[in-house]
Amino acid sequence: MTDARPYDLVLYGASGFVGRLLAAHLAEQAPPGTRIALAGRSRERCEAVRRELPGAARDWPVLTADSGDPASLAALAGQTRVLVSTVGPYLRHGLPLVEACARAGTHYADLTGEVLFVRRAIDRVDAVAQDTGARIVHACGYDSIPSDLSTLLLAERAAADGAGPLRDVRLVATARGGFSGGTIDSARAQIEAVGQDRSLRRVVGDPFALSPDRAAEPDTPQPRDAAPPARTADGRWTAPFVMASFNSRIVRRSNALQDWRYGRAMSYGEVMGTGRGPAGAAVALGTTAALAGAFGALSFPPARGVLDRLLPAPGTGPSAATREKGWFRMTVDAGTEEGRSYRATAAGRGDPGYAATAVMLGQSALALALDGDRLPDRAGSLTPATALGGVLVERLRAAGHTYEVVEVGERRPG
């Protein structure tokens with residue numbers, strides 16, 4: 001890939017809800033001279049987004065392309081070193097663009113949380129992208145950067161301390177934010193795909209669904225994705241975490257892509273923290289029931305029609321006030337094979353699915369565009385940890401997010 005391409009970075013889907021937030025982040029954070037363009041189906045809508053941007057970003061070029069027109073996507077991918085996409089649901093709209101980037105040797109990042117899409121993308125483009133040198137990096141938002149980078153940092157710290165590989169890793173997520181139409185539409189798309197092809201249920205339910213070599217995966221039992229309400233050792237109540245079934249597969253893929261450096265016996269699971277005492281227990285029970293009801297309704301066409309009228313529509317999201325007041329915090333506890341214990345913390349301000357995600361996706365895109373000589377020497381279908389690793393950790397810390405690891409407890413006797 002050479003600088004003969006006119007752009008360092010193209011944002012595809014600039015006029016969507018997340019696209020507008022991402023454009024604003026790039027306008028603020030990209031160093032002077034970074035060659036950025038906005039792209040989407042509608043030139044007029046992208047130009048409207050551009051008019052809202054500060055300073056030199058108002059001069060960014062606007063390009064047009066359509067996910068239903070492979071020729072336009074190939075032309076788009078061929079003009080830039082990095083292409084970042086916010087156009088979902090990715091299962092419906094994303095594969096042609098990923099294929100175009102892989103063939104063109106163009107680095108790619110998205111914010112998908114869809115297991116079926118990532119699995120299909122791996123199968124279609126991994127070998128091609130390895131040949132062309134493209135880094136295809138999925139899950140560069142709240143799904144699944146905090147999970148993926150926290151586990152990477154835990155494994156690196158344990159290895160540096162001589163504490164051995166990771167064994168039991170458990171993430172507890174707490175957050176404040178709003179619901180989005182795009183996230184709901186992505187869940188709907190995956191549920192519809194499973195309804196049309198029941199064999200996909202096995203893929204979605206496989207804890208190693210995104211492994212590069214499923215047959216080589218260890219037989220270590222993994223936690224349930226929808227864990228029932230429970231109380232942790234320190235008294236916190238937990239409920240199922242809606243993104244556990246995706247984040248956990250990304251983390252396990254990262255482990256396998258690195259020859260299981262985190263640990264072949266690693267067990268990884270995620271839950272949502274709901275607080276302490278009777279109030280925490282009540283929230284845990286209510287959350288569990290609400291999630292079961294929502295996914296059941298989305299799976300049942302008559303009920304889905306009613307739910308569609310109640311839930312946010314695609315292309316919508318929380319208000320500016322909600323985004324500003326939001327936050328996320330993830331604590332990840334890990335034990336090692338040598339009996340030592342560590343805790344990682346990932347945290348940030350802003351609604352996790354939008355304000356914080358715009359930071360994560362924006363910094364991922366800038367890392368791909370500007371930090372190539374510092375990134376892990378890998379190509380193909382990758383994860384944030386394997387494609388961007390410590391470089392992205394540094395960028396997110398500089399952007400105000402927290403990523404830290406501490407050792408807790410004492411070494412247990414032999």
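Where is Ser 144 found? In this predicted model, Ser 144 is found in the loop between strand β6, residues 135–137, and helix α7, residues 145–160.

## Cis peptide bonds

The peptide bond that leads from Asp 143 into Ser 144 is cis, with omega near 15°. A cis peptide bond also joins Gly 88 and Pro 89, where omega is about -5°, and Pro 89 is found in the loop between β4 and α4, the latter spanning residues 90–93.

In the loop between α10 and β10, the strand of residues 267–276, lies Asp 259, whose phi is near 55°, a positive value in a residue other than glycine. Trp 260 is likewise found in the loop between α10 and β10, and has a positive phi of about 55° although it is not a glycine.

Are these two residues buried or exposed? Asp 259 has a relative accessible area of 64% and is therefore exposed, the cut-off being over 50%. Trp 260, with a relative accessible area of 15%, is buried, because this value falls under 20%.

## Packing of α6 and α10

Helix α6, residues 115–132, and helix α10, residues 244–257, have axes that come within 10 Å and cross at roughly 30°. The two helices are therefore roughly parallel, since angles under 35 degrees count as such.

On the side of α6, the residues that take part are Val 115, Val 118 and Ile 122, and they meet Ser 245, Phe 246, Arg 249 and Arg 253 in α10.

## Helix α1

Helix α1 covers residues 17–29, and its 13 residues reach 19 Å from the first C-alpha to the last, which is close to the 18 Å expected at 1.5 Å a residue. Its buried residues are Phe 17, Val 18, Gly 19, Leu 21, Leu 22, Ala 23, His 25, Leu 26 and Ala 27. These buried residues of α1 pack against the strands β1 (7–12), β2 (36–40) and β4 (80–85), and also against the helices α2 (43–51), α13 (320–325) and α14.

## The largest nonpolar core

The largest nonpolar core holds 112 residues, of which Leu 9, Ile 136, Leu 149, Leu 154 and Leu 166 touch the most other members. Helix α14, residues 355–370, gives the most to this core, with 10 residues.

With neighbours within four places in sequence left aside, Ile 136 is in contact with Val 98, Cys 101, Ala 102, Thr 106, Tyr 108, Val 125 and Ala 129, and also with Gly 380, Ser 381 and Leu 382.

## Leu 63 in strand β3

Leu 63 has its place in strand β3, which runs over residues 62–64, and with a relative accessible area of 13% this residue is buried, because the value is under 20%. Beyond its neighbours within four places in sequence, Leu 63 is in contact with Tyr 7, Val 10, Ala 37, Leu 38, Ala 39, Gly 40, Leu 76 and Gln 79.

How far apart in space are Leu 63 and Ser 42? From C-alpha to C-alpha they are 8.8 Å apart, while in sequence 21 residues separate them.

Definitions and conventions
Residues are numbered from 1 along each chain as its sequence is written. This is a predicted model: local features need pLDDT of at least 70, side-chain atom pairs count only at pLDDT 80 or more; totals for chains, interfaces and linings use all residues. Side-chain values use heavy atoms; hydrogens and water are left out. Axes are lines fitted to C-alpha atoms, for helices over the stretch in contact, and angles run from 0 to 180 degrees between N-to-C directions. Helices (H or I, at least four residues) and strands (E, at least two) are DSSP runs, numbered from the N terminus. Angles under 35 degrees count as roughly parallel, over 145 as roughly antiparallel, 65 to 115 as roughly perpendicular and the rest as oblique. Contact means heavy atoms within 4.5 Å. A nonpolar core is a set of buried Ala, Val, Leu, Ile, Met, Phe, Trp, Tyr and Cys residues joined through side-chain atoms within 4.5 Å. Buried means under 20% relative accessible area, exposed over 50%, partly exposed in between (1.4 Å probe, protein chains only). The expected span of a helix is 1.5 Å times one less than its number of residues.
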